[in-house]
Amino acid sequence: MTDLSWIDDEINQLKNDGRYIPIRILESSQGAHVRIEGREVLNMCSNNYLGLANNPEIKKAVVDAIEEYGVGAGAVRSIAGTMKIHEELEEKVASFKHMESALVYQGGLLANLGTIPVLVGKEDVIFSEELNHASIIDGMRLSSAKKYVYSHMSMDDLESKMKEHRKEGKRALVVTDGVFSMDGDIAPVKEIQELKDRYDTMFYVDDAHGEGVLGKNGRGIVDHFGLQGKVELEMGTFSKALGSMGGFVAGSHKLIDLLRQRARPFLFSSALNPGDVAGVMKSIEIMERDDSLVKKLWDNAQFLQKGFRDRGFRLTTTKTPITPVVIGEEKKTLELSNYLYKNEGIFASPIVFPTVARGLARIRVMPSAVHSREDLSRTLDAFERGTKALNIH
Ligand SMILES: Cc1ncc(COP(=O)(O)O)c(C=O)c1O
């Protein structure tokens with residue numbers, strides 16, 4: 001047999017570095033409270049922003065769609081997997097986003113992997129934000145375009161890179177997370193839009209953490225900045241605020257038409273299941289008719305973040321409900337997360353290198369619309385007790 005001892009070495013290294021993450025297994029549906037290891041715990045780390053992952057109306061829509069269309073799409077979209085509800089969802093997403101057209105993928109990660117290599121290739125250039133999500137980075141790698149990374153939030157750096165390198169590519173693309181998932185701050189989309197026009201560059205924004213959070217009724221980052229029609233492509237996921245599964249890009253008719261011919265997850269991976277498609281349509285319907293969940297999410301986030309700041313905790317410069325409590329050292333962060341879980345019944349995962357820079361490990365606390373004030377106060381008290389017990393300053 002081939003020697004596989006390198007695997008033990010790698011795992012031991014992760015353990016020694018405090019980067020071996022315990023995977024907790026949920027034994028209940030997703031929500032403010034979940035069951036893990038037979039015990040109910042307070043869930044403070046999901047992306048289920050609006051609580052839609054277990055919404056009865058959505059569950060019914062999923063069951064009805066399964067009754068009508070079955071559980072699987074049976075093929076890739078371009079062969080026999082495109083069902084009427086895929087088309088309906090695409091129209092719904094385009095209208096929700098105020099874009100001409102949309103293409104649905106099987107996930108947000110696949111939307112990035114599939115779309116970016118269609119927009120740019122080896123004769124082109126990409127300007128990419130330093131803190132972009134891993135799926136954007138992988139999408140860029142697959143494109144083979146030349147990549148220039150600009151510093152986090154620095155429009156001076158972006159402009160100087162565009163000035164120096166734009167002409168190296170036939171086509172150019174600037175790509176950024178809308179909301180930075182590990183910090184919660186918001187990209188200066190208006191300024192990027194002005195620069196991209198000046199330097200003849202396409203603009204692609206990943207709105208995974210903006211949907212259901214920013215803009216009118218949670219329409220997302222482009223709506224938040226009032227830039228409809230000025231950003232070539234808005235990408236998003238259905239797996240966070242929308243509570244389900246899948247991803248999309250929205251843009252002009254001709255861009256989406258080209259993606260249908262060229263995007264590899266559309267051509268080479270089976271279509272999103274009909275149940276998921278129907279669930280997402282219902283989520284959008286709920287968001288369109290009522291913004292109370294979005295409001296509740298923000299109320300909860302403000303209460304929680306004020307509570308942490310008042311108690312002297314170090315948060316990032318978050319501007320959204322994402323509430324990263326920066327601890328610093330990787331091992332201490334894991335210890336605090338374990339303390340919260342074991343002693344306080346609070347599920348709050350640690351985020352360590354390489355997801356964030358070394359020495360900036362954190363616990364990313366995620367309030368949602370379905371948390372009560374009592375849940376949030378309990379979290380604040382538990383963090384205070386935990387950091388005291390573990391001597392974390
Ligand atoms: C910014 C960003 N983009 C893309 C994704 C991928 O989305 P999905 O989970 O739907 O694959 C995520 C989720 O982790 C994300 O945070």
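Which residues does threonine 176 touch, not counting residues up to four places away in sequence?

1. In this predicted model, threonine 176 touches Glu129, Asn132, Ile136, Tyr150, Ala187, Ile192, Phe203, Tyr204, Val205 and Asp206, when residues up to four places away in sequence are not counted. Threonine 176 has its place in strand β6, which covers residues 172-177. Its relative accessible area is 0%, and because buried means under 20%, threonine 176 is buried.

2. Between β12 and strand β13 (residues 361-365), the antiparallel pairing runs over 2 bridges, and proline 350 stands opposite isoleucine 363 in β13.

3. The next points concern helix pairs. Two packed helices are described by the angle between their axes and by the distance between those axes. For helix α13 (residues 292-310) and helix α15 (residues 373-389), the axes come within 10 Å and cross at roughly 20 degrees. Angles under 35 degrees count as roughly parallel, and α13 and α15 are therefore roughly parallel to each other. Their crossing is right-handed.

4. On the α13 side of this contact are Asp299, Asn300, Phe303, Leu304, Gly307 and Phe308, which meet Arg373, Leu376, Ser377, Thr379, Leu380 and Phe383 in α15. Sorted by class, the residues of the contact of α13 with α15 are 6 nonpolar, 4 polar and 2 charged.

5. Helix α14 (residues 330-344) also packs with α15, at an angle of about 120 degrees and with the axes 10 Å apart, which makes α14 oblique to α15. The crossing of α14 and α15 is right-handed. From α14 the contact takes Leu336, Tyr339, Leu340 and Glu344, and from α15 it takes Arg378, Ala382, Phe383, Arg385, Gly386, Thr387 and Ala389. The contact of α14 with α15 has 6 nonpolar, 2 polar and 3 charged residues.

How values were computed. Residues numbered from 1 in each chain as written. Predicted model: local features only at pLDDT ≥ 70, side-chain atom pairs only at ≥ 80, totals over all residues. Heavy atoms only, no water. Axes fitted to C-alpha atoms, helices over the stretch in contact; angles between N-to-C directions. Helix = DSSP H or I, 4+ residues; strand = E, 2+ residues; numbered from the N terminus. Parallel < 35°, antiparallel > 145°, perpendicular 65-115°, else oblique. Left-handed = near helix turned anticlockwise from the far one by under 90°. Contact = heavy atoms within 4.5 Å. Nonpolar A, V, L, I, M, F, W, Y, C, P; charged D, E, K, R; others polar. Buried < 20%, exposed > 50% of the residue type's maximum accessible area, 1.4 Å probe, protein only. Pairing = 2+ DSSP bridges.
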